[in-house]
Amino acid sequence: YTFAKTGFRFCKEQAIRMLRFSWPLWVGALAGLYIGSSNRYFINFFSTTAHVGLFELAAKFSTILMLLIWDPFQQYWSTERFRIYKNEGAIETYQMAFQVISALLAIGVMGIGVFAAPTIRLMAAPSFHEASIAVPFLAGAAMFGCLTTFTNFSFIVKEKTLWLTRNNYSTP
């Protein structure tokens, strides 16, 4: 139906522009895969499988920050930021959005840090209780990951996506 209504055309210049824009994002995604999964391998290699389990439990608490605060914001912001970019006063709007989401994420990190230990004690076996030590650090790291995603917009609109890849590989 789509081809019948619109036809099929290929624009070499547009394809080259798309590839130039997107190839660094593909390479950067490989860094994300490495960072997201290699820590478990290294923990297991230098320690024990039990420590991998403690890490996984602690990491689950940092996902609460993502699910309750960042993801709802990001679903709205990922498209709205392009509309705002074209308007007058965009810098002030970005600054306000950054301050608000930073404050919400910081409050979330503190809440997760405070309630993680009692929650783990209540819900997990005693052998998992020491996982609560890592929760504030992992939640804080998740917060900075979210804020990095927020600030990456400037590289996207300036079509400097190679910087995103460089940042992904230089910040483990």
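Rings of Phe, Tyr and Trp (for Trp, its six-membered ring) form a pair if their centres lie within 6.5 Å; planes under 30 degrees apart count as stacked, over 60 as edge-to-face and the rest as tilted. The structure above is a predicted model, in which local features need pLDDT of at least 70 and side-chain atom pairs count only at pLDDT 80 or more, while totals for chains, interfaces and linings use all residues. Residues are numbered from 1 along each chain as its sequence is written, and side-chain values use heavy atoms, with hydrogens and water left out.

One aromatic cluster is formed by Trp 70, Phe 73, Trp 77, Phe 82, Tyr 85, Tyr 94, Phe 98, Phe 150 and Phe 153. By the pairing rule, the count comes to 14 aromatic pairs. One of these is the pair of Tyr 41 and Phe 45, which is stacked, with 6.1 Å from centre to centre and 20° between the planes. Both residues belong to helix H2 (residues 12-46), where they stand four residues apart, about one turn of the helix. Helices here are DSSP runs of H or I with at least four residues, and strands are runs of E with at least two, numbered from the N terminus. Tyr 41 and Phe 45 are both exposed. In these terms, buried means under 20% relative accessible area, exposed means over 50%, and partly exposed lies in between (1.4 Å probe, protein chains only).

Phe 82 counts as partly exposed because its relative accessibility is 34%, whereas Phe 153 is buried, with a relative accessible area of 6%.

Helix H2 may now be considered as a whole. Its 35 residues should span 51 Å at 1.5 Å a residue, and its end C-alpha atoms are 50 Å apart, which agrees. The expected span is 1.5 Å times one less than the number of residues.

Apart from its neighbours within four places in sequence, Thr 165 is in contact (heavy atoms within 4.5 Å) with Pro 24, Leu 25, Val 27 and Gly 28.

The next topic is the nonpolar core, a set of buried Ala, Val, Leu, Ile, Met, Phe, Trp, Tyr and Cys residues joined through side-chain atoms within 4.5 Å. The largest such core has 26 residues, and those with the most contacts inside it are Leu 65, Trp 70, Trp 77, Ile 101, Leu 105, Val 135 and Phe 150. At least two residues of this core come from each of H3, helix H4 (90-123) and helix H5 (135-151). H4 gives the most, with nine residues. Not counting residues up to four places away in sequence, Ile 101 touches Ile 69, Trp 70, Phe 73, Leu 147 and Phe 150.

H4 has 34 residues and reaches 46 Å from its first C-alpha to its last, close to the 50 Å expected at 1.5 Å a residue. It bends by about 40° at Ala 116, and a proline, Pro 118, follows within four residues. The buried residues of H4 include Tyr 94, Ile 101, Leu 105 and Ala 116, and what covers the buried residues of this helix includes H3, H5 and H6.

Phe 144 lies in H5 and counts as exposed because its relative accessibility is 54%. Cys 146, also placed in H5, counts as buried because its relative accessibility is 2%. Leaving aside neighbours within four places in sequence, Cys 146 is in contact with Met 66, Trp 70 and Leu 105.

How values were computed:
Bend = angle between axes of the 7 residues up to and from the residue.
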